[in-house]
Amino acid sequence: MTLIQLLKKNKKQLTLYLIGAFMTTISGLFFTFALSNAFGIIEEVDTTGILRRIAIVLFFAFTPIFTQMLSRFLRIGFMRDILIQVRTLAYEKIMTHSYESFKKNPKEHYMSMLVSDINLFEKDFFLSFLNIIYSFGSFILGSIVLLFISPLVALATLIVSIILFTVTKLFEPIARKTKRQTQEANADYNVQLTNILNGMEVIKLYHVEENFKRPFESIVITLENIKKRAFRIDELQSNLNHWIAGTFQMLVYIYATYLYIQNGITLTSLILLFNLIGQLVWSMISGFNFINRFKTSIDIYNRITQTQSNPKAVQQLTFKEKLSVKKLSFSYTDKKILEDLNFTIKPKDKVLIVGPSGAGKTTLLNCLAQNLSSYEGEIIIDNHELKTIQTESFLKTCGYIRQQHFLFNDSIKNNVILASPYNKEKFDKVMQDVDLSDWIDTLSTKEDHILEQDGLNISGGQRQRISIARELYHDREVLFVDEPSASLDDQTAQHIYDTLLSLDKTLICVSHRHLDYLSKHFDTKIELKTLGAST
Amino acid sequence: MRKMKLGHIPWLIINTIHTIFMVSLSGWNIYLLKVITDYGLNRQMDDVLRTAQLMMLIMIGSLVLDSIGTLLKSKYLEASLKQLKNHYIHRLMEQDITQLQKDQCNIYRSNLTNDFDRFEEKFLLNILETIHMSSRFLMAVVIVATVSIYLVVVAFMMLVIFVVVTSKTNKPVQKSEAMKSKSLQAYTDFVNETLYGFEIIKQHQLENLRHLSFIEKATQVQKDNYTVDKSSTKVDGLNNFIQTTIIFTLIIAGILFARSAQASLGSLIMVATSFGNVMWPLQRFTPVITQMKGILKVLDEFDKNLSRPIIDRHTHVNRFEMLMFNHCDLGYEDDPNPILQKVIMSVQRKEKILIVGHSGAGKSTVLKTIRQSIVPKNGIVTLDGIDIFDIVPIDYYSLFTTVDQIGFIFNGTIKENVTMYQDIDEQRVKDSLFQVGLSTLELGEVLRNNGANVSGGQRARLMLARALCLNAEVILCDEIFSSLEQPIAHSIEKDILSLEKTIINVSHIIFKDHLHLYDKIYIVEQGLIRQTSDIQEVWSRMILTEA
């Protein structure tokens with residue numbers, strides 16, 4: 001959704017916002033009126049005249065306070081609604097990534113999109129939007145007043161405005177560039193933080209705090225340096241504009257004094273002229289400054305919310321006949337991992353993938369499980385290339401027990417059943433299959449025991465078994481399994497292998513342990529070798 | 001942190017001096033405005049032109065000074081943030097190891113990103129603005145004083161009333177700022193969980209469910225923000241009202257005074273202009289102060305997050321003779337039931353210890369206790385007769401090095417990951433990589449994103465190479481064989497057992513032909529730990545493993 005579409009979607013709130021924003025434009029003008037009327041007191045001769053003037057001054061001075069409050073109340077609702085939607089759009093963009101494209105960037109990259117970039121947008125977009133309306137609104141109102149006093153000065157003001165506009169334009173490309181650099185530096189900073197924060201305990205244990213402070217410090221230096229540059233460019237532009245405006249105001253005043261000497265204008269006009277010029281030029285400047293900020297905030301919006309549409313795969317998955325792999329190769333950037341693999345898997349086959357570490361066992365599994373699509377060669381399931389099969393339909397048939405176990409900050413039960421309905425019998429059976437029943441019985445809240453922070457309060461083996469239980473509960477036709485016994489003792493491992501092998505499913509499993517035992521029980525064995533290495 | 005709130009003081013002072021200088025220059029210009037007006041009123045054309053020339057010169061001078069000002073300002077921000085961020089990390093690094101819980105990680109991150117950004121925006125920049133505004137205010141006071149001293153008294157009264165008003169009205173804003181901080185935290189946690197669980201969420205098509213919770217979290221953030229906006233609007237309105245009352249009372253009084261005292265029109269314009277210049281800053285004054293006070297809560301949060309119990313440990317040790325568990329109950333702080341009861345165990349210098357048991361039996365609990373990640377619930381652990389919680393932390397930690405199943409791989413080269421940035425001879429690094437079977441890796445190869453480009457087995461071996469390379473007395477091995485192939489695990493165990501070090505190996509994978517190389521073997525089961533010398537007993541529990 002583009003920003004314009006988003007604004008259109010929120011028409012009602014937008015209208016209120018615009019009304020609120022336009023309300024602010026009168027405040028500057030009212031202030032000038034209040035001031036010039038205060039000077040008018042000098043020209044009054046009697047007390048009633050003075051009192052009348054004071055009443056006028058008070059009216060012009062106090063009205064803006066109330067209009068400003070009203071204006072703000074009209075605006076903040078719109079800000080809230082828009083930001084909720086922008087956050088949601090940015091989140092949706094991340095979630096539309098496939099496994100493969102998600103992996104292309106570190107997690108910190110996504111994190112900063114959803115946190116610091118949105119903060120930046122929040123800060124810049126509304127502030128600049130409001131100020132643009134305020135500035136140009138009061139410029140137009142002020143110019144109309146100015147035309148009545150001195151058309152020549154009005155014309156000069158227009159020319160100065162054009163000069164200011166040109167200066168702003170000249171700065172635009174470099175301002176945008178430094179903003180972008182700042183964002184990139186922020187992302188790098190985030191990566192470094194992850195390092196230090198995740199490894200804090202290890203860093204302490206090895207007593208290398210100083211060594212980790214150094215790279216952190218150098219990244220802080222880089223970040224702050226880039227921020228400094230961006231700040232300087234911003235300031236330089238605003239200084240230049242201020243100077244042009246200030247000089248112009250002076251010149252107008254000198255000119256007005258000259259006019260006065262020549263009896264061209266009255267004293268009151270002189271004062272009004274001076275104040276009005278000030279107001280006009282300053283609002284012009286802030287208006288131009290905010291145009292750049294407005295544009296960069298729109299850039300941010302586009303970057304965090306705009307998605308490229310991926311071609312949609314349409315085929316439904318059926319796995320009745322066979323899965324055949326032909327001439328399959330895979331490389332990560334310059335490193336070849338898999339080369340020219342050929343094999344066939346039939347439904348209900350039990351397939352074991354073995355090989356030394358680094359040989360590409362997990363990579364092969366990821367290719368088969370539709371997690372990697374940039375392979376060469378073919379993977380064909382019942383006459384359809386894997387890449388053309390719809391992800392949803394693939395996931396309904398295939399489950400995947402990964403090597404990295406992830407647990408939600410939720411109960412054991414919810415971590416296993418996820419979004420599926422709860423069936424106690426099935427759940428208990430699964431927990432028995434993974435040898436977790438005894439442990440659950442010792443917990444005071446049983447299966448409602450909450451796992452905190454990605455399962456920090458349980459052991460590695462328990463984590464692994466909960467992940468396995470999750471896939472068993474979901475009962476898919478084809479099960480991909482990556483090192484199911486890595487953190488388990490042999491007794492438990494054997495029990496789990498027995499369970500997996502007893503399922504009436506297709507099983508494709510990677511392991512490097514218990515090979516003698518497993519070789520006896522699996523139908524097919526695929527052996528991978530390390531490419532280009534002497535081992 | 002709160003003590004450092006002003007940032008880099010020397011640069012702040014330089015900025016202040018510069019600001020005062022700048023403001024004086026513009027004050028001079030305003031004075032010339034009076035002069036030129038009075039000349040104009042007396043119709044002295046030559047003097048008008050002469051003054052106009054001087055005014056132009058000052059304008060050009062101020063452009064140069066402004067540019068210098070920009071450099072100084074940016075220098076101040078840079079220096080302050082460097083100082084503050086580095087100080088934060090420094091304090092974080094000083095934390096006691098028992099305080100470094102993983103769940104704090106997101107709080108630290110949010111402090112170092114979001115909160116520092118807010119601090120820069122709402123505090124540091126505002127300090128500079130406050131200085132600028134105050135200088136302009138003072139300049140206005142001086143200018144007014146040249147006309148009448150009574151006006152100055154009134155001006156000071158204004159200032160006093162401002163201070164009183166601002167200190168009273170920002171309470172509700174402070175409160176809602178804190179609330180916003182909390183909901184931002186919940187939001188950040190949720191996003192983090194989603195990013196880490198991306199695969200599982202995709203695989204089980206939980207997107208819709210997560211989407212709903214996300215909207216809920218995002219809505220809460222914006223709702224709290226809305227509350228902040230609402231309360232600050234009211235506060236601003238009230239403050240504005242008071243200010244406008246004061247300012248216009250002053251202006252009208254000034255004009256009435258000028259009228260009766262027959263002051264020159266030039267002076268009057270000078271007073272009005274200087275007040276016109278102060279007007280806008282003064283209107284900003286209250287919201288700025290409000291903002292600054294609100295954001296100071298963030299620094300208090302920092303201090304809270306970085307605070308730590310005073311650790312009163314004085315005993316120094318420099319060698320390792322014997323570590324003893326004397327009838328200890330071991331377990332986690334938030335769980336009243338101990339995982340292991342009445343642990344009796346001893347480890348002597350250069351001994352090779354094996355601890356075996358089923359997954360979840362509590363093997364890692366023993367290691368966590370040794371590493372002081374958890375405190376015994378009952379009883380004490382002693383090192384050469386000294387309670388380990390009495391020993392100066394740094395002395396104690398430097399005795400141990402850990403190899404575990406999670407492992408910390410950071411973004412850096414293989415070499416840096418092995419040496420942990422310590423000054424270690426390249427040959428030694430190569431040797432240890434060779435020892436763990438990683439000789440094919442280039443020392444300069446860069447690891448990214450917590451080791452995404454190394455396989456599970458390579459990762460474990462890197463951890464081990466690190467331990468071999470670093471000179472600690474005791475190597476704690478926490479399930480290091482679980483992601484290694486049998487032959488490599490076998491040869492690594494052999495290498496470890498031949499080292500001149502104390503080894504404590506916690507494992508569920510054992511090799512029969514190595515069992516006799518261990519000095520002691522402990523079995524963990526049913527909440528108890530016991531020593532056994534019966535290799536056959538140990539072996540009989542392990543049905544599957546063959547060497």
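pLDDT is the predictor's confidence in each residue, from 0 to 100. The model treated in these exercises is predicted.

**Exercise 1.** Determine which elements of chain A have the lowest and the highest mean pLDDT.

*Solution.* Begin with the chain as a whole: chain A has a mean pLDDT of 83, with 96% of its residues at 70 or more. Next, turn to its elements. The lowest mean, 71, belongs to helix α8 (residues 200-206) of chain A, and the highest, 90, to helix α4 (residues 47-95) of chain A.

**Exercise 2.** Carry out the corresponding analysis for chain B, and state where its pLDDT stays under 50.

*Solution.* For chain B the mean pLDDT is 81, and 89% of the residues reach 70 or more. Among its elements, helix α4 (residues 149-169) of chain B has the lowest mean (71), while strand β10 (residues 502-506) of chain B has the highest (91). Finally, pLDDT remains under 50 over residues 543-547 of chain B, for which the model has 16 contacts beyond four places in sequence.

**Exercise 3.** Characterise the side of chain B that touches chain A.

*Solution.* First, 115 residues of chain B contact 117 residues of chain A. The largest share of the chain B side, 23 residues, comes from helix α7 (residues 207-261) of chain B. By class, that side holds 48 nonpolar, 45 polar and 22 charged residues. For the complex, the predictor gives an ipTM of 0.76 and a pTM of 0.65.

Definitions and conventions: Residues numbered from 1 in each chain as written. Chains lettered and ligands numbered in written order. Predicted model: local features only at pLDDT ≥ 70, side-chain atom pairs only at ≥ 80, totals over all residues. Helix = DSSP H or I, 4+ residues; strand = E, 2+ residues; numbered from the N terminus. Contact = placed C-beta atoms within 7 Å. Nonpolar A, V, L, I, M, F, W, Y, C, P; charged D, E, K, R; others polar.
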